[in-house]
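Colleague: Could you take me through the terms used for this model, setting each value against its cut-off?

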Amino acid sequence: MVLFMTTTEGFRTDQGALLQTVLDDLADLLSSIKPEMLDRPTPCPQYTVADLRTHVLGWLTFFGAAATDPEGRTTRHDPSKYVAPADPAAAAEVVRAAAAELDAAIAAGLTERTVQMTQAAMPGAAALGMILWEYQVHGWDLARGTGLAWSPPAAATQASFEFAPTMLTDEWRGADFGPQVAVPDNAPVLDRLLGFSGRDPNWAPPRSD
């Protein structure tokens, strides 16, 4: 996970409602991941489905805690040491619990203040935009790795496609966001968001035969 600093002047959408929809869909996706899918590759070369599932849940738990305690007064767990529950239903509940924390924080004015993340604070609106973007992309990663469906709301994808270039520059591309993949300008907005995020929208797992 790489955090970026950005300004968000003029960037205002109903991000909270969009994020809740995306996370609800993510919970449904995780509840459908069967044990036999966990060793499969994903579009993130360094992650199997199991690895990415752990990464997604560990950071989402961190983000929920950060939103609940934006000043960083309490000790938070290290996402890199997170152990994901084995049960798919329990994994889905982790997502729903973090979504509830984020929703409550948004209602309490998260987007109007800063949030302490790992080593630095960032504007709450930027944090929310980052989370919305990241979980649409990682939801797609998991869906491609497992063969499950993933179709985030068009409004959420458009918001993230507009937001992402304000936060991610070439020098900050790393493990989560590789080099930009060329995608036609007339491609669906989700494909363009994926390309900007370093994904090939046509990625498919390698054949086993």
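Predicted model: local features only at pLDDT ≥ 70, side-chain atom pairs only at ≥ 80, totals over all residues.

Modeller: Residues are numbered from 1 along each chain as its sequence is written, and side-chain values use heavy atoms, with hydrogens and water left out.

Colleague: Why does R199 count as buried?

Modeller: Buried means under 20% relative accessible area, exposed over 50%, and partly exposed in between (1.4 Å probe, protein chains only); R199 has 4% relative accessibility, and therefore counts as buried.

Colleague: What joins the side chains of R199 and D141?

Modeller: A polar contact of 2.6 Å joins them, the term requiring a pair of N or O atoms within 3.5 Å, where within protein one must be able to donate a hydrogen and the other to accept it, and residues adjacent in sequence count only if both atoms are side-chain atoms.

Colleague: Why is the pair of W59 and F63 called tilted?

Modeller: Rings of Phe, Tyr and Trp (its six-membered ring) pair if their centres lie within 6.5 Å, with planes under 30 degrees apart counted as stacked, over 60 as edge-to-face and the rest as tilted. The centres of W59 and F63 are 5.7 Å apart and their planes stand at 40°, so the pair is tilted.

Colleague: What makes F62 and F63 edge-to-face?

Modeller: Their ring centres are 6.0 Å apart and their planes are at 70°, so this pair is edge-to-face. W59, F62, F63 and Y135 form one aromatic cluster.
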